[in-house]
Amino acid sequence: MRVYDIKSPADIKNMSIEELNILCEDIRKFLIDSISKTGGHLSSNLGVVELTVALHYVFNAPKDKIIFDVGHQCYTHKILTGRSPYFSTLRKKDGLSGFQKRNESEYDCWEAGHSSTSLSAALGFACARDLQKQDYEIIPVIGDGALCSGMSMEALNDIGTQQKKIIIIFNDNNMSISKNHSVIEQKITDLRTSHFYQTMKSDVKKNLKDSYLGASLLKSMTNLRDHIRDEMINAPLFENFNINYMGPVDGHDLHTLIKTFQAAKNSDGPIVIHVVTKKGKGYSYAEEDEIGKWHGVSPFDVTTGHSLMRTPKDELTWSEIISRTLVDLARQDKKIVAITPAMANGSKLLEFQKKYPDRFFDCGIAEDHAITMASAMAQAGLKPFVSIYSSFLQRAYDQINHDMARMNLPVVVGVDRAGLVGDDGETHQGVFDISFLRSIPNVILSQPKDACEAQNLVYSAFIEKKPYFIRYPRGYEKYQKVKEYEYIKPGTWTTYTVGNNPECIVICYGPEVDKVIEKATINDISMIVVNARFFKPIDTECLDKLFKTNLKIHIYETDCKIGSLSSAILEYHNKEFDILGIEDHFVPQGSIRSLRIEENIHINALFEHISEDSNETR
């Protein structure tokens, strides 16, 4: 059967193991060829081909719920559910999503673009199933990188407590985007490479030949599991959560996978199937990748592995510009440290790691932990820089608010991939950080318009003794190292006059500033262009001068409007409303009554204002 012939998982149910193996090879070739043209997530999908085929062979989706953690490894799932004809539209506007998408197929029961939600979602489905006395299987597929997240640990704890029937597929490839580094990962590695694992693999194959009933296989594998548990300290991890365990099994051996999944159906509570896979399997460049280069790719030449995207001359990615500046500043200041939640390659921090390994900290997929750890480092005298994608930063909102800003600690945060990201869709668009950061007291929030300003903002951020956020977009920018760093005072904007008699004012930020100036110049339109490089604090002196010109003001936002730059300007400028509320600070302890009086938000304050207004109008 050809890849394009598959309309639903029912098409593979009666295939032999030999036919399924041939299909897996065809799918792998299809993925390499298709992704080489469109770009997308390559390594993660190549690693789960057999695993996904076995899942759809044994389970009955869409009745049974297959949940892929993050979802970027669901391409084979999409093929098996009839979507292969649409792969030419992958990640394009109105095309096939790079993740599971509920409105795309009934087989996509859950959506995610960030890691570690699958186990919580699985328990939610299980509770709903059991309360409504329904009958279906729930199968979350989670990798070893996502498993190390705090949210996964919380879910495992609750799953072990509630004992709902869930079949957890632990996809162990020793990678998240790049190599994992954690105690949990080391324990998994110990199990993966132990003498007992090697013995178990041969024992499993022997039992598979003799076991025709799933219950019999389950019993035999449980005995082997207990053997490993007794011989190794803290292995397997899942026993500590009171969750049954089967494995490890070869994630590329269809016969083993199918028999194991059939056996797991006989479990009457939560069970983990430990599946060992090779990320990037079937494509040598991806198999050998240890830094995450082949995790997400742009179009490439299959034969050479070279990207078809050409880097513009004299340009670097914004991430590289920030990282180079950080490396340079760290050379001069040994207190500067860098922290990343498993995004060393994406954030271009590998050079920092190479030069200053003792000052580089990869804390795994744990944005919340990264912020609190950085805050304590700052309190203890270090100068931490934390690099986090904008769409991932929202996962650390509480820690930014409570641990960093409330204590007014000098942590510099690089908000990478700020603004529209594009191909990865809703879950990755970094358009909310201005809104949710502006409401937090003590925060400085900025965005450079070019590489020079970016370098100077990073330099300035380490001078300030406050929580300092520098946002920068995906893409490239002309780069030249500054000869000497210049301090930029927080809350200062710059203005540029195009032409002789300005007809209007455009307030914007980031790379759009120079684009607006260039287009206005080309079209001979006179205007004042404002580089609003600080969202908090805003430049009120500059605004007062602009308001006095009586020129039409256009605020050009490239992020969501609610709570963003325009909101800040309107909050300052609008005099038509008398607004009572808590000002921009953290409220200390006290009785509610005393705090309302102190903040001037008690009911009498409102009526005092009303009375004053009435007297003024008489």
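Modeller: Helix 18 (433-438), strand 19 (534-536) and helix 22 (565-573) each bring at least two residues to the lining of the second largest pocket. Helices (H or I, at least four residues) and strands (E, at least two) are DSSP runs, numbered from the N terminus. One caution: this is a predicted model, where local features need pLDDT of at least 70 and side-chain atom pairs count only at pLDDT 80 or more, while totals for chains, interfaces and linings use all residues. Residues are numbered from 1 along each chain as its sequence is written, and side-chain values use heavy atoms, with hydrogens and water left out.

Colleague: Which helix gives the most to the lining of that second largest pocket?

Modeller: Helix 22, with 3 residues. A pocket, on a 1 Å grid over the protein atoms alone, is an open set of points where a 1.4 Å probe fits, with protein on both sides within 12 Å along at least five of seven lines; lining residues have an atom within 4 Å of a point. Here 18 residues line the second largest pocket, and Arg-438, Glu-571, Ile-582, Glu-583 and Asp-584 lie nearest its centre. Its space comes to about 610 Å³, counted as what is filled by probe spheres set on the points, which are joined across faces, edges and corners.

Colleague: How many residues of that lining are nonpolar, polar and charged?

Modeller: The lining has 8 nonpolar, 5 polar and 5 charged residues. Ala, Val, Leu, Ile, Met, Phe, Trp, Tyr, Cys and Pro count as nonpolar, Asp, Glu, Lys and Arg as charged, and the others, Gly among them, as polar.

Colleague: Now the inside. How many residues does the largest nonpolar core have?

Modeller: It has 77, and Phe-352, Leu-393, Phe-469, Trp-493 and Ile-507 have the most contacts inside it. The largest share, 7 residues, comes from helix 13 (residues 318-332). A second, separate core holds 53 residues, including Ile-32, Cys-74, Leu-96 and Ile-258. A core is a set of buried Ala, Val, Leu, Ile, Met, Phe, Trp, Tyr and Cys residues joined through side-chain atoms within 4.5 Å. Buried means under 20% relative accessible area, exposed over 50%, partly exposed in between (1.4 Å probe, protein chains only). Of the 618 residues in the protein chain, 56% are buried.

Colleague: Which residues is Ile-507 in contact with, leaving aside its neighbours within four places in sequence?

Modeller: Among them are Trp-493, Val-530, Leu-543, Tyr-556 and Ile-569. Contact means heavy atoms within 4.5 Å.

Colleague: What about rings?

Modeller: A pair of aromatic rings is described by the distance of the centres and the angle of the planes. Rings of Phe, Tyr and Trp (its six-membered ring) pair if their centres lie within 6.5 Å; planes under 30 degrees apart count as stacked, over 60 as edge-to-face and the rest as tilted. There are 17 aromatic pairs in the structure. Phe-238 and Tyr-245 are stacked, 6.2 Å centre to centre with 20 degrees between the planes, and both are buried.

Colleague: Why is the pair of Trp-294 and Phe-300 edge-to-face?

Modeller: Because their planes stand at 85 degrees, with the ring centres 5.0 Å apart. Trp-294 counts as buried at 5% relative accessibility, and Phe-300 is buried at 3%.
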